Amino acid sequence: MIKVEEVASEGVNKNRPSIISAEQRDAIRRDRWIEYAAASKILALLENIFDQPKSIRPPCAMIVGETNTGKTSIAREFQHRHTPQRSADETDTKHPVVFVETPPGPFLGEFYGGLLRAVNAAVPETLSRQRAETQILNLFPAIGVRMIFVDEIHNILPGSRDQRTIFLNGLKFLTNSLQIPIVVIGTRQAESAFQTDQQFGSRFEPVRVPIWQPGEHYGKFIQTYVTSSGFDMDKSFKTKRITESIQSRTKGRTGDTLKLLRYAMYRSLGNGTNCLHASILDEMEFVSVHARRAKANETRRQELNIRRQ
């Protein structure tokens, strides 16, 4: 699912009393999945991998994309479609899909602990890496795990080459021993780390999440999200100019697109209407993740140049 974080009253007209109800705020913030062609294609591919029988060399994948392009949302939606199932007597729970985030570094012990916590298993503070590995190998087949998602795989990059190798070998060991696919999720930098090793490059096939281009599909995505939030769109908001403006401001990143639309909704409600007009967007200031990163990199380059002078 696409995460809708809490946004305060950015863009609300300060001269008007707040008329935003709790229900309206919840509608804007509520997690929701919006189907679109690129995501549907990736979900179909994941479903095909999921349906493969156990094998000594299970198919794996790497979902690759820029920051804020919806990679995690796609994986979470797949997990949502394969939720844990309780047995009829409620004494057993099957976990077909497990989702875990890479620890802040290539630390295999922490990663194993995260896998166990993801299925609500007890994890003692003193649990060794070897014991955690054994527990996973015994527990996961018993609870019906058929696929593992490993998010933020680029977190391993700051580690040394030897540490990264140990971590990646741990992934390979798990997928071989459990005979189930592992799908890692990360940036292009992480893809480079995988592709430099022939074994990992051949096992983890890249699946790229594209950025949006201005056009009919992007406009439909925007409209679907807005209406699912309980808002209308004035005809001025449905124009090619507005679609291109949103794409330009957000660089076509799904997360930034939704954030911009949420800001527009809050401003619209603050102005006393739940109908988005082009003027709302024209008056707003918005800085995308891409733009913030570019500015930070430029500042860093300037500081380095000053030090060298």
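Because the model is predicted, local features are considered at pLDDT of at least 70 and side-chain atom pairs only at pLDDT 80 or more, whereas totals for chains, interfaces and linings use all residues. Residues are numbered from 1 along each chain as its sequence is written, and side-chain values use heavy atoms, with hydrogens and water left out.

**Overall make-up**

The secondary structure comprises 13 helices and nine strands, where helices (H or I, at least four residues) and strands (E, at least two) are DSSP runs numbered from the N terminus. Of the 309 residues in the protein, 45% are buried; buried means under 20% relative accessible area, exposed means over 50%, and partly exposed lies in between, with a 1.4 Å probe and protein chains only. The protein exposes about 16200 Å², of which carbon and sulfur atoms supply 48%, the areas coming from the Shrake-Rupley method with a 1.4 Å probe. Among contacts (heavy atoms within 4.5 Å) with a separation of 6 or more, 76% are accounted for by residues 24 or more positions apart.

Helix α9 has 13 residues, 216-228, and at 1.5 Å a residue should span 18 Å, which agrees with the 18 Å between its end C-alpha atoms; the expected span is 1.5 Å times one less than the number of residues. Its buried residues are Tyr-218, Gly-219, Phe-221, Ile-222, Tyr-225 and Val-226. Seen down the axis of α9, these fall within an arc of 160°, so they line one face of the helix, the arc being that of the directions from the helix axis to the C-beta atoms. On the other side of α9, Glu-216, His-217 and Lys-220 are exposed. The buried residues of α9 pack against α1 (22-29), β8 (232-233), α10 (240-250), α11 (254-270) and β9 (275-276). After α9 comes Gly-230, with a positive phi near 85°.

In α1, the buried residues are Arg-25, Ala-27 and Ile-28. Viewed along the axis of α1, they also fall within an arc of 160°, so they line one face of that helix, and their cover includes α9 and α11.

Thr-257 is found in helix α11 and, at 0% relative accessibility, counts as buried. Leaving aside residues up to four places away in sequence, Thr-257 touches Tyr-218, Ile-222, Ile-246 and Thr-250.

**Nonpolar cores**

A nonpolar core is a set of buried Ala, Val, Leu, Ile, Met, Phe, Trp, Tyr and Cys residues joined through side-chain atoms within 4.5 Å. The largest has 48 residues, of which Ile-74, Phe-149, Phe-237, Ile-246 and Leu-261 touch the most other members. The largest share of this core, eight residues, comes from α11. A second, separate core of 34 residues includes Cys-60, Val-150, Ile-156 and Phe-200.

**Strand β1**

All five of the five residues of strand β1 (residues 60-64) are buried. Both faces are covered, with Cys-60, Met-62 and Val-64 on one side and Ala-61 and Ile-63 on the other.
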